[in-house]
Amino acid sequence: MDAVVFDLDGVLVDSETVWDEVRRAFATRHGGTWLPTSTRAMQGMSTPEWASYLVTEVGVRLTPDEVARGVVEEMATRYEAGPPVLPGAVEVVREVAKRHQVAIASSSPPVLIRSFLDATGLADVVGVALSSEEAGAGKPAPDVYLLAAEKLGVTASRCAAVEDSINGLRSALAAGMTVYAVPNPHFPPDPAVLAEVTVLRALSELPTALASTRPGE
């Protein structure tokens, strides 16, 4: 295994519920009606994609650019005291980086990815940090994972991906990576998708799992 590509939200940062709260409240304030499927539908979408979704499907009475700007500003405000980094996440990334190249492939906008790297001091070991905004399509499309592998200079089949959500898992699988799941307790992935990946009980199990897994397993 040449590289390990981490998702951010739900894997390194406990932010999936924060995104959900912020987008729900923003939609309500601006005339939208939250749908039962909205939360899961937007997980993994890039910023332009979920902003358009809030307008076309939820009914927010703003332009997609206005939606994106407003929601991201609120998220940045939530992050001002520091992003909600999951316990042990920084230590796991540093341990993995001793043996592998490391990247982040996230659906978060670049400003929040930078906030995470600044707060944790991980910029010295994370060789590539990408938002799906920079890759074209968001998850479950494989674009952001394929671009991360390209920028690391390795083939996707020689990469491991670490994900928590169903769309993220589908994205990494579509990219041809060896996929590890740390299932999000708030939004559990589909068991049928979990059957296709290696499921970890906690992120802390990842270094040991990597040491015993060959690419393609």
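Helix α1 (residues 16–29) and helix α4 (residues 64–78) have axes that come within 10 Å of each other and cross at roughly 135°, the axes being lines fitted to C-alpha atoms over the stretch in contact, with angles running from 0 to 180 degrees between N-to-C directions. That makes α1 oblique to α4, where angles under 35 degrees count as roughly parallel, over 145 as roughly antiparallel, 65 to 115 as roughly perpendicular and the rest as oblique. This is a predicted model, in which local features need pLDDT of at least 70 and side-chain atom pairs count only at pLDDT 80 or more, while totals for chains, interfaces and linings use all residues. Residues are numbered from 1 along each chain as its sequence is written, and side-chain values use heavy atoms, with hydrogens and water left out.

**Contact of α1 with α4**

- On the α1 side V18, W19, E21, V22, R23, F26 and R29 take part, and they meet E66, V67, G70, V71, E74, M75 and R78 of α4, contact meaning heavy atoms within 4.5 Å.
- The residues of this contact divide into seven nonpolar, one polar and six charged, with Ala, Val, Leu, Ile, Met, Phe, Trp, Tyr, Cys and Pro counted as nonpolar, Asp, Glu, Lys and Arg as charged, and the others, Gly among them, as polar.

**F26 in α1**

- F26, which has its place in helix α1, is buried with a relative accessible area of 5% (buried is under 20%, exposed over 50% and partly exposed in between, with a 1.4 Å probe and protein chains only).
- Leaving aside neighbours within four places in sequence, F26 is in contact with V60, L62, E66, V67, G70, V71 and E74.
- From F26 to V90 the separation is 64 residues in sequence and 31 Å in space, C-alpha to C-alpha.

**The aromatic pair**

- The count comes to one aromatic pair, under a rule by which rings of Phe, Tyr and Trp (its six-membered ring) pair if their centres lie within 6.5 Å, with planes under 30 degrees apart counted as stacked, over 60 as edge-to-face and the rest as tilted.
- W19 and W50 form this edge-to-face pair, at 5.8 Å centre to centre and with 65° between the planes.
- W19 lies in helix α1 and W50 in helix α3 (residues 47–56), so the pair ties together parts that are 31 residues apart in sequence; both W19 and W50 are buried.

**Helix α8**

- In helix α8 (residues 166–174) the buried residues are I166, N167, G168, L169, S171 and A172, and these pack against α2 (38–42), α7 (143–152), β4 (159–163), β5 (178–181) and α9 (191–194).

Technical notes: Helices (H or I, at least four residues) and strands (E, at least two) are DSSP runs, numbered from the N terminus.
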